[in-house]
Amino acid sequence: MRALSNHLRALVKQALPESSEQVKTGWKLIALYVPGRSKSVKFGFILPHADSVSFGFDWGVLLDDPDGVLLGADERLKQVRYLSYRSIRDLKTRTAMRFVNQAAELSSMPRSFRMMLPRYTR
């Protein structure tokens, strides 16, 4: 899971060279940030588990997901959506990079703009 997590970290850096990350020990995840107007803005996370890694997006409910691959559309998670991988072979790089770019753009928007966008539903 370490290699998979590091692979995802590299993918984020490739898609968004200006991005940064921060280990959140209490949440046991790596938070992903992009520069904002006055401070960095969190757009996603990498959450390693014993047998998989979740690659999540804070405003995932707003992401364009025509193939329905994002997970988390239940009553527990109001806005977060994520992808789950068990190995690097499971990773579809173009899809993941598209979500990274969309998520960074959404997180950088003013909240009032995000609230006007249609919610993704399956």
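Let's start with proline 66: is this residue buried or exposed? At 60% relative accessibility, proline 66 counts as exposed, because exposed means over 50%. Keep in mind that this is a predicted model. You'll find proline 66 in the loop between strand 4 and strand 5.

| Residue | Loop | Relative accessibility |
|---|---|---|
| Proline 66 | between strand 4 and strand 5 | 60% |

Now for the inside. In soluble globular proteins, nonpolar side chains tend to be buried together. In this model, the largest nonpolar core has 29 residues. Which of them have the most contacts inside it? They are Phe43, Phe55, Phe57, Tyr85 and Val100. Two or more residues each come from helix 1, strand 2 (29-34), strand 3 (41-48), strand 4 (53-57), strand 5 (81-85) and helix 2. Helix 2 is the top contributor, giving seven residues. There's also a second, separate core of five residues, and Leu29, Ala31, Phe45 and Leu47 are among them.

Skip its neighbours within four places in sequence, and phenylalanine 55 still touches a list of residues including Leu8, Leu11, Val12, Leu32, Phe45, Tyr85, Ala96 and Val100.

Finally, look at how the two helices meet. Helix 1 (residues 2-15) and helix 2 (residues 93-108) pack with their axes 10 Å apart, at an angle of about 60°. That angle is why the pair counts as oblique. Helix 1 passes helix 2 in a right-handed crossing. Which residues make the contact? Helix 1 brings Leu11, Val12, Gln14 and Ala15, while helix 2 brings Thr93, Ala96, Met97, Val100 and Asn101. Sorted by class, this contact has six nonpolar residues, three polar ones and no charged ones.

Technical notes. Residues numbered from 1 in each chain as written. Predicted model: local features only at pLDDT ≥ 70, side-chain atom pairs only at ≥ 80, totals over all residues. Heavy atoms only, no water. Axes fitted to C-alpha atoms, helices over the stretch in contact; angles between N-to-C directions. Helix = DSSP H or I, 4+ residues; strand = E, 2+ residues; numbered from the N terminus. Parallel < 35°, antiparallel > 145°, perpendicular 65-115°, else oblique. Left-handed = near helix turned anticlockwise from the far one by under 90°. Contact = heavy atoms within 4.5 Å. Nonpolar A, V, L, I, M, F, W, Y, C, P; charged D, E, K, R; others polar. Core = buried A, V, L, I, M, F, W, Y, C linked by side-chain atoms within 4.5 Å. Buried < 20%, exposed > 50% of the residue type's maximum accessible area, 1.4 Å probe, protein only.
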